[in-house]
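Subject: Structure for your review

Dear colleague,

I would be grateful if you could read the notes after it with the model open.

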Amino acid sequence: MRKIIVKNNIQTSFSIYVSIVPAIFLITMLFSSRLQSLVPVMIGFMISYIITVLFSIRYFGFLSLYNIFLYTSAFFVYDGFLFTILGLENFLYDDFPVKHTFDEDIGFAFIIVCFVTVYVMHISYCIVDKSKYKRNHVLPININLNKMGKFLMIVFFFPVIAKLLIQFNYIRSHGYIALYSGELAELKYPFWTAGSFIFFTCGYCLFLASNPKKREYLFYTLLCGLVYFANSLKGQRGGFLSIIIYFVYYYTKHYNVKITLKKILVLLVFGVSFIVIMGNVRSSYGDNNKSSQNKALREIIEHTIYVQSRSRAVPMYIIQGDLEYHKFPFVLSSLLNPLLRIIYPSESGQTKTVAEHYNKMSAVVTYNLSKQSYLNGKGLGSAFIAEAYDFYGYIGLILFSILLARFFVFCDFTNLNFKRKFVPLLFFVLQGIPILPRSHIFRFIDNDFTKIIFAYVFLIICMNSKYIFKIQNGK
């Protein structure tokens, strides 16, 4: 009886959402045109976004993958609107890597693009038949995968920590920009650290694919978290926070653990605190020291949060158009990069060859703004909305919003481990979701291609060998 009531409630709420939300947004668009101000339409978008989040929390839970994407979209993109509405900043103005102010018609178009993304994705997520994704079958533990995974993690834990600390010491001396200039590739490492990050990560993938017990999962996940924390000391905050969100999401989904609102708020405070602290720490590396002594804590926090939405500039540059070295839709770049690297060999880092021939969004946009800034290691990064819109305008925006929504449904309504062959790939894909709003769709191909190949080689060997360890059946 309760299931029928809940189903009726969600259908009624969904019907109201479909009609009311676009009406609110259209009314505020008319007010903006009449008043010649973007504030009304920004307010309309934020109201629509808040209604979407509340709807999703009510019916899909705080920690659905879809909700995680909504939260981080606000953090990395939409909070620029909020700061503008409050009169604290102007989302049309950007001073990195060079000063630039967008025209209001570009800002207006960008707000519409944001609304279409949220609205289409929400409708797509809601109307998918979720019953066909629900599976109660749980695989038994696979001893081969479990032992090999733990073996690789333990063996390569200290080598990977040593390698990351060598990189950290170099960046601390030479500045955060050294991370993108290609200088780290020239460092000399002890021979016993070769491939340590790859093999350690492969070990964790095998461990997950073995379907470990909950206590084991917590211990080896802590070990993996320490490695990603050591990596974050170089200044890469997003990777550490993404893996933490992945750990929590996987733990609650796969082991059917309920997490309270209080714990979620603790995680939120931890995440914001880490971003603020790490942002100020990395600014002190090398000759990049930027003093914050004269700023109040509130100003530091506000500024740190606001600059996270800097990726909003990328879709606006795409909407503005006229980008040189933009050879084909950016979404295809990750798929074609292996071929482009063969045709146009380049040194590591942000080089002229990468900007002019690889069709990489972050490189092309920054290079068009300021060639010198790009070659010095500065950059804007990417953005999911920009990449989707770049694929033939609203056609790409709607297409990728629908596809992403279906992927979220797949993850949110399965136990994430009903087939071992999906686990390694999902590990790399899912940890990219929290930063997808300021990243690109196929990020895992660019960042983790080698790790994925090695993980699947190990997976195939362990699943088919009778000699590594005493095998326990489990496909």
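The notes below cover a pair of packed helices and then the salt bridges. Please bear in mind that this is a predicted model.

Helices α6 and α7

Two packed helices are described by the angle between their axes and the distance between the axes. Helix α6 covers residues 196–209 and helix α7 covers residues 214–232; their axes come within 11 Å and cross at roughly 155°. Since angles over 145 degrees count as roughly antiparallel, α6 is therefore roughly antiparallel to α7. The crossing of α6 past α7 is left-handed.

On the α6 side, the contact is made by F197, F200, T201, Y204, F207 and L208. These meet E216, Y217, Y220, T221, L223, C224, V227, Y228 and N231 in α7. By class, the residues of this contact comprise 11 nonpolar, three polar and one charged.

Salt bridges

How many salt bridges does a search of the whole structure find? The search gives four.

One of the residues in the helix contact, E216 of α7, also forms a salt bridge with K150, in which the closest N and O atoms are 2.6 Å apart. K150 belongs to helix α5 (residues 143–174) and E216 to helix α7, so that this pair links distant parts of the chain, 66 residues apart. K150 counts as buried, at 16% relative accessibility, whereas E216 counts as partly exposed, at 23%.

A further salt bridge joins D95 and R310, with 3.6 Å between the closest N and O atoms. D95 is in the loop between β1 (93–94) and β2 (100–101), while R310 is in the loop between α10 (297–307) and α11 (313–320); the pair therefore ties together parts that are 215 residues apart in sequence. D95 is partly exposed, with a relative accessible area of 41%. R310 is also partly exposed, with a relative accessible area of 23%. Together with D94, the residues D95 and R310 are linked in a network of salt bridges.

With kind regards

Definitions and conventions: Residues are numbered from 1 along each chain as its sequence is written. This is a predicted model: local features need pLDDT of at least 70, side-chain atom pairs count only at pLDDT 80 or more; totals for chains, interfaces and linings use all residues. Side-chain values use heavy atoms; hydrogens and water are left out. Axes are lines fitted to C-alpha atoms, for helices over the stretch in contact, and angles run from 0 to 180 degrees between N-to-C directions. Helices (H or I, at least four residues) and strands (E, at least two) are DSSP runs, numbered from the N terminus. Angles under 35 degrees count as roughly parallel, over 145 as roughly antiparallel, 65 to 115 as roughly perpendicular and the rest as oblique. A crossing is left-handed if the near helix is turned anticlockwise from the far one by less than a right angle, and right-handed if clockwise. Contact means heavy atoms within 4.5 Å. Ala, Val, Leu, Ile, Met, Phe, Trp, Tyr, Cys and Pro count as nonpolar, Asp, Glu, Lys and Arg as charged, and the others, Gly among them, as polar. A salt bridge is a side-chain nitrogen of Lys or Arg within 4 Å of a carboxyl oxygen of Asp or Glu. Buried means under 20% relative accessible area, exposed over 50%, partly exposed in between (1.4 Å probe, protein chains only).
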